[in-house]
Amino acid sequence: MNAYADTLTIQASLTEQGDALIFGASASGYAPGLLVKQRLFARHEPSFYGTELEIEKLRDELELVVLPAEMVLPFFANPELLPMHMSWRLEGDAARIASLAPTLERGIAERKFVPSFEAYKAGKLRWTWDAVALDSKSRRALRALAGGLYGGPVRIGSKIPNIIA
């Protein structure tokens, strides 16, 4: 790590549709959404290096970068995408997603999930993950993410939104 590099703390919240709402903070407070977008996605080709990502204003001082659901897992599964000119600290759901993403990417490649027909009929995408394919750490992180979305604990094998797929 470079002692002179800026440190940006990244947090994320997941929407029910699977988008990641990402915000950053530095020692001086919340980082502007444009700064987060430009720095965090500087090496992310699928979002055209962040230029295609939207910024939403939550409050006067908080701006959120919206990472579409289909980009969440691939982005967080690849730590090499984080630019080297910054020091990064992932916290909260951002850290959980980053720890889960490689395992879930493998699960997708190995087809260790089943789509939810009930969610499909309701116009939503949800998945049931094969509990055997996940280690205990991944199961805990998945429960924590899903619990935040639904307001309580979620059992493996229950429907998890496509944020994770």
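These legends describe close-up views of a predicted model. Local features need pLDDT of at least 70, side-chain atom pairs count only at pLDDT 80 or more, and totals for chains, interfaces and linings use all residues. Residues are numbered from 1 along each chain as its sequence is written, and side-chain values use heavy atoms, leaving out hydrogens and water.

**View 1. The chain has 5 helices and 9 strands.** Helices (H or I, at least four residues) and strands (E, at least two) are DSSP runs, numbered from the N terminus. Their order along the sequence is β-β-β-α-β-β-α-β-α-β-α-β-α-β. Of the 165 residues, 42% count as buried, meaning under 20% relative accessible area with a 1.4 Å probe, protein chains only.

**View 2. Phe23 lies in strand β2 (residues 20-26).** Phe23 is buried, with a relative accessible area of 16%. Not counting residues up to four places away in sequence, Phe23 touches Thr9, Ile10, Gln11, Tyr30, Leu62, Glu63 and Leu64. Contact means heavy atoms within 4.5 Å. Leu8 is 15 residues from Phe23 in sequence; C-alpha to C-alpha, the two are 9.7 Å apart in space.

**View 3. Helix α2 (residues 69-77) crosses helix α3 (residues 93-109) at roughly 100 degrees.** Their axes, lines fitted to C-alpha atoms over the stretch in contact, come within 7 Å. The two helices are therefore roughly perpendicular (65 to 115 degrees). From α2, the contact includes Val72, Leu73 and Phe76. From α3, Ile97, Leu104, Glu105 and Ile108 are among the partners. The contact residues divide into 12 nonpolar, no polar and 1 charged.

Key. Buried < 20%, exposed > 50% of the residue type's maximum accessible area, 1.4 Å probe, protein only. Axes fitted to C-alpha atoms, helices over the stretch in contact; angles between N-to-C directions. Parallel < 35°, antiparallel > 145°, perpendicular 65-115°, else oblique. Nonpolar A, V, L, I, M, F, W, Y, C, P; charged D, E, K, R; others polar.
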